[in-house]
Amino acid sequence: MSCWDTLADYGLRSIGIGERLLPRSDFTLCQQVVLIGSGMIWNIYFGLVALVSGFLLATAVALGKASGHRVIRKLSEWFIFVFRGSPLFIQFFFAYFGFQSLKSVSSVFDAFSAAWLGALIVLFLNTAAYSGEIFYGALRSVPKGDAEAADAYGLSGWSRFRRIIWPTMLRLAWPAYTNEAIFLFHATTLVYFSGFPAWQQRGDALYYANYFADKTFNPFVPYPILAGYFILLTLTVVSVFGLINRRLNRHLPQEQRLRMRFRPNLIR
Amino acid sequence: MPTRARGTAIFSFCTDPSTLSDAAWLGCYLTTGKHMALYWSFGTVLLLLAITAPTALAFGFGGAAAARSRFLPLRWFGQAYIAIVRGVPDIAFFLFFVIALDQAFEYIRHRIKCPDWDQPVRQGNDFVVCAEAKLPLGNAAQWIHETYGFFLAVLTFSIVFGAFAANVLYGAMRAVPHAQLETAEAYGMTPRQTFRRVLVPQMWVYALPGLSNLWMVLIKATPLLFLLGVEDIVYWARELGGSKTPRFTDYPHGDWRMWYFFALLVFYLCFTRVSEIVLERLMVKLTYGQATLGGESQRKAAA
């Protein structure tokens, strides 16, 4: 079987298109590359959707933590504390078993114990908490002069936030937020190891890499392939965020622009 | 016919749980032998932290020193060690190193103990070493297997977190003012003396914020022990929380795994909160009298 056939059979295996049966023996390098790559679809899906939806909640949480209203502030602080203070792995487990119990209450919750929705919700809340803290820090370091200038121009309320505070907050938070995005993509690999079942063996990249490592008892092939994919993904995230960073800083003189620093490490 | 697993009860009134009131039932339930194993596994987590933190620090120190080395291959090795672990999900490293280290150890023992073995070690999908090279030996006791598994887990954690620590320490070494090193050189110290007497004592203040962040991350990484095959708190929470029928236990209940994981969540929240407070105090202590902004504001506040 040529590598093209393998690609046609297994290229979209992780979303249920193509050959149903996974290879069971005599694994070729091509099969491993294709299947692990196919699993990356899930990593990208989880990362992208959680990132975009989490961004909105994060902004709200950051504003809430900076708010003068006591109840809103406390709620935001607790939200951030709970999700940043506990391991993501445990959050996944708790959410999965929580959704399982809710299933018996109402059939509305049926979809929640599937990874595509349940794990996504956890990732969404988790990244909202981490980015919320980053945005809150940036919000507090918005220069006083910017806000005063906005007042002097007669801007207030929503337009003051939308045109002055928010862009500056994003600009200041962007390098840290880039790291958060990279963590988030790395964290998506935990999904299928934390209770959420891979229905019909449709898993993410690490799920397939682990499958091959278990079957061949040789970790030296699948995990480096996975590493290669993730380095590519990380580089893509860094360059996309770098472009946005350039746009956010386009009004500044060249030497004042915040340099992007590539410092991904650390898990939650 | 299945026999009921009747552990030794701690309280004397626990002999027949079906007759008990709710509170007493819960008291008996939470002190069964298996629950004691759960409580001990919290000790496993703490033990892992206690061993891993210093080991990872040592690995990190070695990595950072290597990345600064004047010997080119060593420098490359140090920098590659720092760089690779950062770009790839660390859970992949956890899964990788556990098998890779195990096979590396067995392979080395295989080469030493069975020099006249003529078959290849990798045969198709199997990894075959001679019986004497097996780790642990096939006839070893259960606790040896468990200890070996735990040892592998500690080593894996140390390698991965060593890379993170190396990253922090490498940055801290570069943050030490260059004039300090030049002064040391002017006094005629060799590079080795400069490193030991000037650079290392001064870098810790710069490293502490990064290291305390690392400690928090290390705490939150401990549930991954479960993936490495150690019977840790996650293992027991899944084990004990699942629904139990009266056929096999004195304490039948439904699916309580959600509540067990809720308890773990609370445990971790408390643990990270306490660590945060302690590290904050430590930072206040270390900045006392330092020529930094933090030290300056402490001085002003006291005056």
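Trainee: Which hand does the crossing of H5(A) and H7(A) have?
Mentor: Two packed helices are described by the angle between their axes and the distance between the axes. Here H5(A) passes H7(A) in a right-handed crossing (the near helix is turned clockwise from the far one by less than a right angle; anticlockwise is left-handed). This is a predicted model, where local features need pLDDT of at least 70 and side-chain atom pairs 80 or more, while totals for chains, interfaces and linings use all residues. Residues are numbered from 1 along each chain as its sequence is written, with chains lettered from A and ligands numbered from 1 in written order.

Trainee: At what angle do the axes of H5(A) and H7(A) cross?
Mentor: Helix H5 (residues 115-140) and helix H7 (residues 157-187) of chain A cross at roughly 155°, their axes coming within 9 Å (lines fitted to C-alpha atoms over the stretch in contact, with angles from 0 to 180 degrees between N-to-C directions). H5(A) is therefore roughly antiparallel to H7(A) (an angle over 145 degrees).

Trainee: Which residues make the contact?
Mentor: Among them are Tyr130(A) and Phe135(A) of H5(A), and Met169(A) and Tyr177(A) of H7(A) (C-beta atoms, placed from the backbone, within 7 Å).

Trainee: Where is the kink in H2(A) centred?
Mentor: On Phe55(A), with a bend of about 30° (between axes fitted to the seven residues ending there and the seven starting there).

Trainee: How many residues does each chain give to the contact between chains A and B?
Mentor: Chain A gives 38 and chain B 35. On the chain B side, H9(B) brings the largest share, 10 residues (a helix is a DSSP run of H or I, at least four residues).

Note on methods. Helix = DSSP H or I, 4+ residues; strand = E, 2+ residues; numbered from the N terminus. Contact = placed C-beta atoms within 7 Å. Parallel < 35°, antiparallel > 145°, perpendicular 65-115°, else oblique.
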